[in-house]
Amino acid sequence: MGRPDLSRRQLLAAAGGLTVAGSFGFAALGTGADALASGADTRVRYWNLFSGGDGYNMIAMLDAFREDNPGIDVKDSTLQWGSPFYTKLAMAAAGNRAPDLGVMHMGRVTGFSPGRLLDPWDVGLLAEYGVREADFTPALWKRAVIDGKLYALPLDIHVQLCFYRKDVLKKAGLLGSDGRMVPVTSTDEWFDMLKEAKGATRKGLQTLGVHANDQNFAWWFFVAFYTQLGGTYFDDADTEVTFDIDKATEVLEFLRRHVTDGYSVAGAADGEQFINGAPFTWEGNWSVPVFSGAKLDYGATPLPPVFGRQATHAESHAFVLPHQSGRGGATDEAAHRLAAYVVKHAQQWAAGGHIPAYTPTLSTAAYKGLSPQNEYVSAMDHQATEPKVWFAGSTGILAQRVGPIVVSSTMGSARPEAAARRMRSTLTELLAMKNPMDGRTAAQGGAAA
């Protein structure tokens, strides 16, 4: 997906194509160790999709849980990120072979047929373990509720950010007195900034990395700026398409201009160019460990509010309970305890760049001291998310169908207005489609709380 060499997905592939890893430094693969850990009387089988830096942070959190809860044995497995993970999780839940605890992107929960492939959380039990609705932002908690029941326990908010090189921006006079990028509030101000930054950039480097030919990034950036314009996709009942062609065209023209004006190079290795001196790149917050590891003098801010309203694309990792016909008892309680523990001890998780969903963490001195995390934490208050429909979510059908249309406009093979009309047509088709997991359309798929 064009991310820096140390991204979690690429590290997974570099591990030799393995799709499952245990928590013992990934060294316990294939051992088939089924005996309970010494002193444990309850086991929790836990599936996740975290590799690379996220994987090692999760390992540290699980090991801390094991130390604090010797009576619970956590048997964790890391599966391949993306569609393979969701396919295996769905098959396991449908076949009554599901793990006790899993992780999903929040946007995929609606499509996972809650009540059939996912079991609801016992909010009373979570409260006993110290996790309550009041500990999360209302918008994030609401995304996790379907038909009045909590089906996802948020772990984080991960967002698209504007990373900037302080050394280049200082040379261009684009740093404020606080040492951060000067704010912009319009498209004109943004392109003026790019023009000044380009003049201070070493030859051979682009000014801004936008992953112009990547369908996922293209869709994420579109969602952010379309939300800034107040754009919507469907009505509240998910029966009518409300997608605004004029607003979409305005966003597509904005994205395309980065290429046509020579600020972005299609196909460039955006993360590597940033490390080598490019002044800007738009990347997910998971790139923080990569850029910090490269010892860069850099900052990171939410995507610029060029259309006058703050909004940056956001997703969330969340804990879920894959459906089990006999769910309950000590194992289920242990799964609740484990998820609550990780959510509450998210300082380690924040090191990977993610914004902890558990808001008490954000007020700690330890979190406030994290840089550049403390610069973009406000992004959690203006999240631009995909519509709450079964075909949305990370690597979902919506991104697969609409993302390439955005790319066609940005790359110049389609006019922005024509691309916007194709997007609306595609949304109309998707709204009429039935979810293969339960045979229901978006309008039939349950209402949000």
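Helices here are DSSP runs of at least four residues, strands are runs of at least two, and both are numbered from the N terminus. In this predicted model, the chain has 17 helices and 15 strands. Its radius of gyration is 22 Å, close to the 22 Å that the globule rule gives for 449 residues, so the chain is as compact as a globular protein of that length.

**Overall build**

- The C-alpha trace spans about 65 × 50 × 40 Å along its principal axes.
- Buried residues make up 57% of the 449 in the chain.
- Take the contacts between residues at least 6 apart in sequence: 79% of them join residues at least 24 apart.

**Surface and charge**

- The chain has an accessible surface of about 17,400 Å². Carbon and sulfur atoms account for 50% of that surface.
- There are 41 positive and 46 negative side chains. The centres of these two sets lie 3 Å apart.

**Salt bridges**

- Side chains of opposite charge can pair when their charged atoms come close.
- A salt bridge needs a side-chain nitrogen of Lys or Arg within 4 Å of a carboxyl oxygen of Asp or Glu. By this rule, the count is eleven.

**Aspartate 100 and arginine 45**

- These two residues form a salt bridge, with their closest N and O atoms 3.6 Å apart.
- Aspartate 100 sits in the loop between helix H3 (83–94) and strand S3 (101–105), while arginine 45 is in strand S1 (residues 42–48), so the pair ties together parts that are 55 residues apart in sequence.
- Aspartate 100 is buried, at 6% relative accessible area. Arginine 45 is partly exposed, at 34%.

**Aspartate 167 and arginine 165**

- The side chains of aspartate 167 and arginine 165 also meet in a salt bridge, at 2.8 Å from N to O.
- Aspartate 167 is partly exposed, with 38%.

**Arginine 401 and glutamate 429**

- Arginine 401 and glutamate 429 form a salt bridge, and their closest N and O atoms are 2.7 Å apart.
- Arginine 401 belongs to helix H16 (residues 397–411) and glutamate 429 to helix H17 (residues 416–432), so this pair ties together parts that are 28 residues apart in sequence.
- Arginine 401 is partly exposed, at 32% relative accessibility. Glutamate 429 is partly exposed too, at 42%.

Key: Residues are numbered from 1 along each chain as its sequence is written. This is a predicted model: local features need pLDDT of at least 70, side-chain atom pairs count only at pLDDT 80 or more; totals for chains, interfaces and linings use all residues. Side-chain values use heavy atoms; hydrogens and water are left out. The radius of gyration is taken over C-alpha atoms; the globule rule is 2.2 Å times the number of residues to the power 0.38. Buried means under 20% relative accessible area, exposed over 50%, partly exposed in between (1.4 Å probe, protein chains only). Contact means heavy atoms within 4.5 Å. Accessible areas come from the Shrake-Rupley method with a 1.4 Å probe; for residues, only the protein chains shown count as cover. Lys and Arg count as positive and Asp and Glu as negative; His and the chain ends are not counted. The place of a charge is taken as NZ of Lys, CZ of Arg, CG of Asp or CD of Glu.
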